[in-house]
Each structure stands twice: as C-alpha cells, then as structure tokens.
Amino acid sequence: MEATFVNKDASATLKLGQARGVAMLVPAIAGVPVSEYAPNLVKKTIVGVGHGEKAQVRMMISVLLPKADPRSEDAADALAIAVCHAHHRQSAILKLAAQ
C-alpha cells in the first residue's frame, strides 16, 4: 500500500482515510501482512528518481512488465507498488519480525 500524503481537502482526506482503513483491516483479519511504501520510494524503485511523473511510472511498468497493460495511471501505480514490494519485501519481512 502506498503511504498517504497530506491533502488540503478535508472531505477527501476523510474518505481516503476510511478507504485505507478498510483496505488495511480486511487483510489483517485474514492474517495477511500489509506493507506501506512512501510514494517517493515507489517512484525511485520504478523510475530511478523519487519525483518521477506518472507517465514515467506507466512507461517503466510497461518495460518491467511487458505483458501488463495498465489502462489507467491508477492501474500503473498499483503495479508499481507491487513491483516496489517485490524489490523491498525482505526489509518489510524483517520490519514485521521486529514488531
């Protein structure tokens, strides 16, 4: 899961918080660990720089996963988070073990 950023729209922030709560609760109930990555780490993992544009992320996803066809930037972002997790999962496992 991608870490949230500060939003100026209070209503949107509340809705995002509620959605994130459910998205984190359901796997937790099933015993599935949830990892969280900062947006800059996801972009750095995929593009090579922490402030890459969404178009760059989408293009690199098509390079890294040639059979994937993300039809939106959100779909490309989801795949980018999955790739980031695959690259950083060992440190995530160690972090969970330390808790």
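Modeller: A residue counts as buried under 20% relative accessible area, exposed over 50% and partly exposed in between (1.4 Å probe, protein chains only). The model above is predicted: local features need pLDDT of at least 70 and side-chain atom pairs count only at pLDDT 80 or more, while totals for chains, interfaces and linings use all residues. Residues are numbered from 1 along each chain as its sequence is written, and side-chain values use heavy atoms, with hydrogens and water left out.

Biologist: How many salt bridges does a search of the whole structure find?

Modeller: Side chains of opposite charge can pair when their charged atoms come close. The cut-off for a salt bridge is a side-chain nitrogen of Lys or Arg within 4 Å of a carboxyl oxygen of Asp or Glu. The search of the whole structure gives three. One of these salt bridges joins D69 and R71, with the closest N and O atoms 3.7 Å apart.

Biologist: Are D69 and R71 buried or exposed?

Modeller: D69 and R71 are both exposed.

Biologist: Which residue forms a salt bridge with D77?

Modeller: K54 does, at 2.4 Å between the closest N and O atoms. This pair links distant parts of the chain, since K54 sits in helix α3 and D77 in helix α4 (residues 73-98), 23 residues apart. Helices here are DSSP runs (H or I, at least four residues), numbered from the N terminus. K54 is partly exposed at 36% relative accessibility, whereas D77, at 17%, is buried.

Biologist: Which side chain meets R20 in a salt bridge?

Modeller: That of E36, with 2.2 Å from N to O. R20 belongs to helix α1 (residues 10-29) and E36 to the loop between α1 and α2, so the pair ties together parts 16 residues apart in sequence. R20 is buried, with a relative accessibility of 15%. E36 has a relative accessible area of 41% and is therefore partly exposed.

Biologist: At roughly what angle do the axes of α2 and α3 cross?

Modeller: Axes are lines fitted to C-alpha atoms, for helices over the stretch in contact, and angles run from 0 to 180 degrees between N-to-C directions. Under 35 degrees is roughly parallel, over 145 roughly antiparallel, 65 to 115 roughly perpendicular, and the rest oblique. The axes of α2 (residues 39-47) and α3 (residues 54-64) come within 9 Å and cross at roughly 50°. α2 is therefore oblique to α3.

Biologist: Which residues make the contact?

Modeller: With contact taken as heavy atoms within 4.5 Å, K43, I46 and V47 of α2 meet Q56, V57, M60, I61 and L64 of α3.

Terms used:
Helix = DSSP H or I, 4+ residues; strand = E, 2+ residues; numbered from the N terminus.
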